[in-house]
Amino acid sequence: MKKLTKGDEHIRVKTKGNFHQTLAPMLFLLPNMIIFLLFIIIPLFQGLRMAFMDWGIFSVPEFIGLKNFGNLFKDDVFLITIKNTIVYSFFTVVLLTVVSLCLALMLSRNSMKGERVFRAIFYIPSLLSMIAVGIAWRFILGDEMGIINYVVRRLGGDGIPWLTNGNLAMMCVIVVSVWASSGYYMIMFISGLQAIPSDLYEAARIDGSSAWNTFWRITLPLLKSTVLVVLVLATIASFKAYELIVTMTKGGPGYATKFIVQQVYQVAFQEDRMGYASAMSIILMIIIGIFTLVQFRIAGKDGQYD
């Protein structure tokens, strides 16, 4: 709306945007909107529909209501995968947040030589394929052919069952996940740290504030939005972990490192129970949504994220 003055009269004229103001932006967004519709929205509703049916690739779909969901809570393997996924996600997200924040604090204030080189070194693992990372670490941690066990045996010791002991296998998967992804989240924290005005740190130094007090009173509160983003993204990524786990442990030993996504794939494409796998996917989506909402509530009860 444009407001024109003619004498003492006010005339409101309704203007229409030209092509560059209205249609051009929509045309630029159109490819992404089409991809989002085809690969996110439509599969989501199709998955919801399949979850209420007995659906196989080579069989006629049959509506069975909530039977798939009822069977899930009687499925011991599925319950084990939920427990494994939650344990893995909790420790991975906590360690990722702490490690990436510590790396960012060390490499964000130009306080050491070769800072950019170290940033690149820590960031490079996040660029690698998780399949390649899993294969590489399997060669390092393998029981019989692993590099570490080879060195231990050459020194006269016994091999360590890194990937053949349930607890050790879970610990190894968590550590490798943190190693592979911490550089990615480090960059986010560095961006957040560099946005904090240096005047605040100078004022704190003049007032005699300790390093810990400065971090607790200035750095952490002003990184609140960045911490929230890291927590949410890391949680979603950890619940979707698949390639690294399959290549490192194949879900073993037993079911010790078998997660929900691997179970969904196995049920859908190896057992040909698409409806049952869809019900698992819906449960996974609900769990991710709950964890994300809890993080939003904890990280920002006052609703301020900027």
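Buried means under 20% relative accessible area, exposed over 50%, and partly exposed in between, with a 1.4 Å probe and protein chains only. Keep that scale at hand for the tour, which runs through a predicted model, where local features need pLDDT of at least 70, side-chain atom pairs count only at pLDDT 80 or more, and totals for chains, interfaces and linings use all residues. Residues are numbered from 1 along each chain as its sequence is written, and side-chain values use heavy atoms, with hydrogens and water left out.

Select residues 76-106 to begin. This is helix 3, whose 31 residues reach 45 Å from the first C-alpha to the last, close to the 45 Å expected at 1.5 Å a residue; the expected span is 1.5 Å times one less than the number of residues, and helices here are DSSP runs (H or I, at least four residues; strands are E, at least two), numbered from the N terminus.

Residues 274-294 are 100% helix and 0% strand, with end C-alpha atoms 30 Å apart, while residues 120-140 are 71% helix and 0% strand, with end C-alpha atoms 23 Å apart.

Then turn to the salt bridges, each a side-chain nitrogen of Lys or Arg within 4 Å of a carboxyl oxygen of Asp or Glu; a search of the whole structure finds four.

Show Arg153 and Asp143, whose side chains meet in a salt bridge at 3.7 Å, N to O. This pair links distant parts of the chain, with Arg153 in helix 6 (residues 147-154) and Asp143, 10 residues apart from it, in the loop between helix 5 (130-141) and helix 6. Arg153 is partly exposed at 34% relative accessible area, and Asp143 is likewise partly exposed, at 26%.

Move on to helix 8 (residues 198-206), where Glu202 and Arg205 lie three residues apart, about one turn of the helix. Their closest N and O atoms are 2.5 Å apart in a salt bridge.

Finish at Arg273 and Glu271, joined by a salt bridge of 2.6 Å, N to O. Arg273 is partly exposed at 37% relative accessible area, and Glu271 is partly exposed at 36%.
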